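This briefing sets out what can be read from the coordinates of one protein model. Please look over the structure before turning to the notes below it.

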Amino acid sequence: MASKFCVLCGKTDVPLVDGRLCAECYVKHRLVVETPSEVKGKMCKLCGSMWISGKWIKPETEDPLREYIWKLVAPRTTVDRLVKTYEISVERLWRDAGNRTHAVILLTGDLEGHRFEVRKDVLLDISKTLCNECMNKKTGYYEAKVQLRFKEKRLDEDKRAFFESFITGQYTGALTNVIEGKEGVDYYFASKSAAKNLIASFLAHYSGAEVKETFESEKVKDGKRMAKLVISVRL
Ligand SMILES: [Zn+2]
Ligand SMILES: [Zn+2]
């Protein structure tokens, strides 16, 4: 039986990862790690939402830019089939002479007990813009208006606070404006379904409310009749 040794460094006391090289030599000379040289994307400059596969996705971390770079780069990274465990992180960002931003991607892994690090440079083409939600908030766009009114004909802060405790999550996202008056509060929502669902979940916890749905300022857009939904809720 032929003695096994690394054909590059001659070591005999180590496992040969591909039958010819020790892990150290393999990492140095043969390891395949491929990342895209450039990634494109767009991010919301207000909330950090990331444009991924045709949708705006809210960030999950405190550092949306790094999170986004990771999400753009990691799925397009190819790592040598001999490497079973590895991690990808964004080590740092830097600007080149042309003022373009790059990310240094750090891949750390383990090959037969030999730890290794590989750094790759990725050019970033990430434009800062506004996501739909932030754009709607900025322009005050709305499809539905919820008019909160009170049987006493004046604003009741306790009832209002209870009503507003239902405006969370997706409803907060769809809420584009709030206007307070003497008799009540108007809430503007970018989607009719958000307003309807909010009222439904509120009514499941509040009895005795008078609810009326009407439409206002109907107009025709792209051949479709568009009217704003007005839901009046009297508590
Ligand atoms: Zn070797
Ligand atoms: Zn946004």
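Which residues are buried in helix 6? They are Ala194, Ala195, Leu198, Ile199 and Phe202, where a residue counts as buried if 20 or more other C-beta atoms lie within 10 Å of its own, as exposed if 12 or fewer do, and as partly exposed in between, with C-beta atoms placed from the backbone. Seen down the axis of helix 6, these residues fall within an arc of 130 degrees, so they line one face of the helix; the arc is that of the directions from the helix axis to the C-beta atoms.

This is a predicted model, in which local features need pLDDT of at least 70 and side-chain atom pairs count only at pLDDT 80 or more, while totals for chains, interfaces and linings use all residues. Residues are numbered from 1 along each chain as its sequence is written, and chains are lettered from A and ligands numbered from 1 in the order in which they are written.

**Overall architecture**

- The protein chain is divided into domain 1 (23–129) and domain 2 (140–234), with bounds that come from an automatic or database domain assignment, and the centres of the two domains, taken over C-alpha atoms, are 43 Å apart.
- Six helices and 13 strands make up the secondary structure of the protein chain; helices (H or I, at least four residues) and strands (E, at least two) are DSSP runs, numbered from the N terminus.
- The protein chain is more spread out than a compact globule, because its radius of gyration is 29 Å, well over the 18 Å that the globule rule gives for 235 residues; the radius is taken over C-alpha atoms, and the rule is 2.2 Å times the number of residues to the power 0.38.
- Taken along the principal axes, the C-alpha atoms of the protein chain fill a box of roughly 95 × 40 × 35 Å.
- Of the 235 residues in the protein chain, 22% are buried.
- Among contacts between residues at least 6 apart in sequence, 54% join residues at least 24 apart, a contact being a pair whose C-beta atoms, placed from the backbone, lie within 7 Å.

**Nonpolar cores**

- The largest nonpolar core has 20 residues, of which Val146, Phe189, Ala195 and Ile199 touch the most other members; such a core is a set of buried Ala, Val, Leu, Ile, Met, Phe, Trp, Tyr and Cys residues joined through C-beta atoms within 7 Å.
- Strand 9 (144–149), helix 5 (169–174), strand 11 (184–189), helix 6 (192–203) and strand 13 (224–234) each supply at least two residues of this core, and helix 6 gives the most, with five residues.
- Leaving aside neighbours within four places in sequence, Val146 is in contact with Tyr187, Phe189, Ala195, Ile199, Ile231 and Val233.
- A second, separate core of twelve residues includes Met50, Val73, Val122 and Cys131.

**Helices**

- The end C-alpha atoms of helix 6 are 17 Å apart, which agrees with the 16 Å that its twelve residues should span at 1.5 Å a residue, the expected span being 1.5 Å times one less than the number of residues.
- In helix 2 (residues 64–73), the buried residues are Tyr68, Ile69, Leu72 and Val73, and they cover an arc of only 120 degrees around the axis, which puts them on the same side of helix 2.
- The cover over the buried residues of helix 2 includes strand 2 (38–44), strand 3, strand 6 (85–95), strand 7 (101–111) and strand 8.
- In helix 3 (residues 132–139), Glu133, Asn136 and Lys137 are buried, and they fall within an arc of 100 degrees seen down the axis, so they line one face of the helix.
- The face of helix 3 turned away from that buried side carries the exposed residues Lys138 and Thr139, while the cover over its buried residues includes helix 5 and strand 10 (175–180).

- Ser53, in the loop between strand 3 (50–52) and strand 4 (55–57), has a positive phi of about 50 degrees although it is not a glycine, and Ser53 counts as exposed, with 5 C-beta neighbours inside 10 Å.
- Lys153, in the loop between strand 9 and helix 4 (157–164), has a positive phi of about 70 degrees and is likewise not a glycine.
- His114 lies in strand 8 (residues 114–129) and is 90 residues from Glu24 in sequence, yet 6.7 Å from Glu24 in space, C-alpha to C-alpha.

Key:
Contact = placed C-beta atoms within 7 Å.
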